[in-house]
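Trainee: I have a model open and want to learn how to read it. Please walk me through it.

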Amino acid sequence: DASPPCQLALEGCRGVEVRNFTLANDPPFGSTGRVVAVDAAADEVTVEVLAGLPAFDGMRCASAHAWNLETGRLKRFGTTPQEATLTIGTKISIYWKAVPGTGARRLELRGQGFARKVEVGDGISWHLSAEKLENQTQVMRSEDIVFENIILPNVTQMGLLAGYNRNLTLRRVRFEPERGNLAVGSRDGMHLSMNSGTMLLEDCLFMGLRMDPLVFRVTFGLVTAIQTDRTVLIKPGFPVPAGDAVRFWVGAEPQDRVCTGYAKEADGTWRYTFATPIPREAILGTPVTFQTYALSSGTVRRCVFAENFGSAIVNFVENMTVEDCVFTDNSYQLKFGANETSGAFVRNNVFRSNVISNVSWIDIGHRGVPSCLTVHSLNRYFKNPLYNQHLLFAGNLFVNATGQKGVAAIHLLNASDVELRENRFEGFETELL
């Protein structure tokens, strides 16, 4: 298996601007074929690989999907990720076999359940791997970074991993497949974790991504020991300069405490001291976040999310505005709020003037109802929290273009202080749940 290096990596940089690049792999690490034969009894499928795309005997078939070749859209079937894909997961041991005499331009696969999900004329996309590859680009612990006019027609793993940065601008970054390929990569488009300051994504395109196109993530730390009313041990932890706050997620509202010092212990835990006593409700296991790594302002503006097998946006952060964007044919709900282990919660968020012209056909939030957008918490550290707060949904258009039954436009859970204003809904039996 090939493992190319990260094409662009910034670490500890300041004031770097990257403009007018195409960052691609040649040949790409994924391919697309047209189904030319289906043997349902033998559970065998044969594809003809599209001209100019890679193919070889023993090619791994990771993150594989079925498409309508005429429309270029994902085929809608199944109600779970496993049912709605051909292969899914990071550890895939399924391999194409070259049809003799075709120079590997025709590939076949038997006994993997493909035959009941595709028909002659469909497209199938797949990737060489969904793990153990370097990300296409990476920006870590840097400040005042600009990406502009960057094209990513195919990627190895994540398109961009960016963590612990301050002030990121991502303008006209395009994930768009080429050469007839239907998919860009096997993982997330942009995975943006623990960033601070300002964040701007503007006029970007996210198309054909195997997992979530855009993820805003925060890491929870857990209190492991309370040494005094102003000194605690937390794991995992991060450097917090004196004067910055650690947020304790307890009580009706999360409570911040100003840090006066920190030290990393030999066992990997972190000791923090605070200017004032920690909240009375704080106990062993209390989740905290680190405001040093929180956005003061984030904006996603005029971006398009289309034909992605994932949630167009996974948002765990505060002070974020999503405006004037278009969402169409993405398999999962837009997800706002903490997942099982990662946080934190969406607070002071605005979602306005967007067009959402598809409904997820997979309830990835396990809420029993597919929707366009879900605000919730799946986090195991909380029981029915209401920390998703101060949210505005205004002037959006929600369209159930396929006439899907039993779905909601907006599904609100684990939230308070939510305002909905001047939204329009077309084709929904349930607009708000």
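Predicted model: local features only at pLDDT ≥ 70, side-chain atom pairs only at ≥ 80, totals over all residues.

Trainee: Where does Ser 63 lie?

Mentor: Helices (H or I, at least four residues) and strands (E, at least two) are DSSP runs, numbered from the N terminus. Ser 63 sits in strand S5, residues 62–68.

Trainee: Is Ser 63 buried or exposed?

Mentor: Buried means under 20% relative accessible area, exposed over 50%, partly exposed in between (1.4 Å probe, protein chains only). Ser 63 has a relative accessible area of 1%, so the residue is buried.

Trainee: Which residues is Ser 63 in contact with?

Mentor: Contact means heavy atoms within 4.5 Å. Leave aside neighbours within four places in sequence; the contacts of Ser 63 then include Trp 126, His 127 and Arg 210.

Trainee: What describes a pair of aromatic rings?

Mentor: The distance of the centres and the angle of the planes. Rings of Phe, Tyr and Trp (its six-membered ring) pair if their centres lie within 6.5 Å; planes under 30 degrees apart count as stacked, over 60 as edge-to-face and the rest as tilted. The count here comes to 26 aromatic pairs. One of them joins Trp 96 and Phe 114, edge-to-face, at 6.2 Å centre to centre with 80° between the planes.

Trainee: Why does the pair of Trp 96 and Phe 114 tie together parts that are 18 residues apart in sequence?

Mentor: Because Trp 96 lies in the loop between strands S6 (73–74) and S7 (97–98), and Phe 114 in the loop between strands S8 (106–110) and S9 (123–127). Both Trp 96 and Phe 114 are buried.

Trainee: Why is the pair of Phe 238 and Phe 290 edge-to-face?

Mentor: Because the ring planes are at 80°, with centres 5.3 Å apart. Phe 238 is in the loop between strands S19 (231–235) and S20 (245–248), and Phe 290 in strand S23 (residues 287–290), so the pair ties together parts 52 residues apart in sequence. Phe 238 is buried at 12% relative accessibility, and Phe 290 is buried at 2%.

Trainee: Which aromatic cluster holds Phe 238 and Phe 290?

Mentor: One whose members also include Tyr 164, Tyr 262 and Trp 270.

Trainee: Where is Pro 241 placed?

Mentor: Pro 241 is in the loop between S19 and S20. Pro 241 is partly exposed, at 42% relative accessible area. Beyond neighbours within four places in sequence, Pro 241 is in contact with Cys 259, Tyr 262 and Thr 292.

Methods. Residues numbered from 1 in each chain as written. Heavy atoms only, no water.
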